[in-house]
2 protein chains.
Amino acid sequence: MKIKEYLLVKKQLVEDALHRFMLESDGTFDDHIEAMRYSLFAGGKRVRPILCLAAAEAITDNPRLLNDLILVSCAIECIHTYSLIHDDLPAMDNDELRRGRPTNHIVHGEAEAILAGDGLLTFAFELLSNPKSDLPQLNRLQIINLIAQAAGPKGMVGGQSLDIAGENNDISFEQLQRIHKSKTGALIRCSVQAGAIGAGATDEEFTCLSEYGTSIGLAFQIVDDLLDATSTTELLGKTAGVDQQLGKATYPSFFGVEKTRDLALNAVDNAKQALIPLGNKAKQLTDLADYIYLRTC
Amino acid sequence: MKIKEYLLVKKQLVEDALHRFMLESDGTFDDHIEAMRYSLFAGGKRVRPILCLAAAEAITDNPRLLNDLILVSCAIECIHTYSLIHDDLPAMDNDELRRGRPTNHIVHGEAEAILAGDGLLTFAFELLSNPKSDLPQLNRLQIINLIAQAAGPKGMVGGQSLDIAGENNDISFEQLQRIHKSKTGALIRCSVQAGAIGAGATDEEFTCLSEYGTSIGLAFQIVDDLLDATSTTELLGKTAGVDQQLGKATYPSFFGVEKTRDLALNAVDNAKQALIPLGNKAKQLTDLADYIYLRTC
């Protein structure tokens, strides 16, 4: 299957599952549930859940395991969505546009936007511990621990704290790397790792996929920096040029656009190299790496 | 052991464990970790973790199980602390005093306070899935699911959303009960239930303790409403009279102070009734129920 078709098929699988698992208005918590749904069903690309499923497919073709991992991939998307809602808040990046629509706090108010993020984050762990899953219990606990670490104080949330503190301050390239690695990289890498654990990867396979996850996370962030600097608000669906406005250091601010493009390509190559021991089973992951770079062209 | 002494001993146990498990500044995420620690070590009464441990002791005296439950009780305290940080935010109750000290956002800024809450919530699930725990895997997954549900969109977060929406609006007593049950009651009840599951309670024991948890959660909230209406800021360590200022419905606003006192006593009695089948093993839980009422006298 060509990568574009693969992405479409998997995206639909994730959308359907999110609609199946996500809470619906129930006459009691309507405002809260609507606020969560507003951002969860806002047309995201579903990259993290797809990475989770594609990593699992590089390890196993057991349909039962792959099916159970859909729940995990939905949980990861809930966590990603919560992070966007909180990042956009007035006290953070104060952004009014996300995925071509007004941000959550513009529509639902600041209090409800904070709570929508809190709700999605908590709900993710409800999904991960859903008693209907048939994944081995030990693997499920490992996945929960991995995701909590990646999303937590020394991962995504810690990275956002560094990012906020770095605004309008001169930071070193080393600090920028640390922000990227924790704020964006950790959740992307753990999406791949969660798929690997759920699929029953060997230690060697897990190591390959972890390296892939690290490099693809970096590639993704460099491309994001590039797009913020070179694309338009219309094409991005979120305000372009925000990094510069907020005085945020980025890859282009350190290296310029051309060199940044080379660095993105380099990260993509590293990601693909890491997959070599997995052979042809990792084809979709390889193509996904190329696809991420193509977004910049 | 008398209840006051019991509470002191258990509180110290929880404090020590929180200090042992909680992240320390590491040179990278210092601001974030300090903001989390600021609220976590602010002199809380540790009621929820103590309820978790006391419920477990009503079921088992196995020291290994009781020891492993300390991790669970710390996770619950992290979730409780995150909820206080977010409730105090300017977009929510906009409170400046908590436990006799300036609230998190006053000291660490609004962005970092939001992130400190996010970090504590996520870290709670890292603790709950800590690979060092010896609790049976199935029980651990059940506890995670229970806590995620109690803290999530149809529990604590959903309740906070209802609470915010109810400010300055006429709400019915039925709506007030719904807010209390979800916002405060759910996490208190699940603290008791988590202890029960971790201790290997039978279905019958779990049912008794769940009923106890429901009633004690209600008693706790009624007493909280009473204290807000009748106590002073100095005694409470947080701003007194806030409910009235925010136009929030409370038990005293529906029933007056005297009748509310009766209702608190009634809830305490129900809690104690639920424990009867457990016999003398539940003595500390019984005394704890009485102690909650004594706060109002």
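I began at Ala219(A). Setting aside neighbours within four places in sequence, I find Ala219(A) in contact with Ala264(A), Ala267(A), Val268(A), Ala271(A), Ala289(A), Ile292(A) and Tyr293(A). I note that this is a predicted model.

Next I looked up the core. The largest nonpolar core holds 189 residues. Ala219(A) is among those with the most contacts inside that core, and so are Ile147(A), Ile147(B) and Ala219(B).

Then I turned to the relation of the chains. I superposed chain A on chain B with a rotation of 180 degrees and 0.0 Å of shift along the axis. The RMSD came out at 0.0 Å. That is how a two-fold axis relates its copies. I asked which C-alpha of chain A is nearest the axis. It belongs to Gln137(A), at 3.1 Å. Both copies use the same surface: 98% of the contact residues of chain A recur in chain B.

Asn94(A) has phi near 50 degrees, a positive value, and is not glycine. I located Asn94(A) in the loop between helix H4 (63-88) and strand E1 (97-98) of chain A. Is Asn94(A) buried, exposed or partly exposed? I count Asn94(A) as partly exposed, because it has 14 C-beta neighbours inside 10 Å, and a buried residue needs 20 or more.

Arg99(B) was my next entry. Its phi is also positive, near 50 degrees, in a residue other than glycine. Arg99(B) sits in the loop between strand E1 (97-98) and strand E2 (101-102) of chain B. With 14 C-beta neighbours inside 10 Å, I put Arg99(B) down as partly exposed.

How values were computed: Residues are numbered from 1 along each chain as its sequence is written. Chains are lettered from A and ligands numbered from 1 in the order in which they are written. This is a predicted model: local features need pLDDT of at least 70, side-chain atom pairs count only at pLDDT 80 or more; totals for chains, interfaces and linings use all residues. A nonpolar core is a set of buried Ala, Val, Leu, Ile, Met, Phe, Trp, Tyr and Cys residues joined through C-beta atoms within 7 Å. A residue is buried if 20 or more other C-beta atoms lie within 10 Å of its own, exposed if 12 or fewer, and partly exposed in between; C-beta atoms are placed from the backbone. Two residues are in contact if their C-beta atoms, placed from the backbone, lie within 7 Å. Copies are superposed by least squares on the C-alpha atoms of residues with pLDDT of at least 70 in both. Helices (H or I, at least four residues) and strands (E, at least two) are DSSP runs, numbered from the N terminus.
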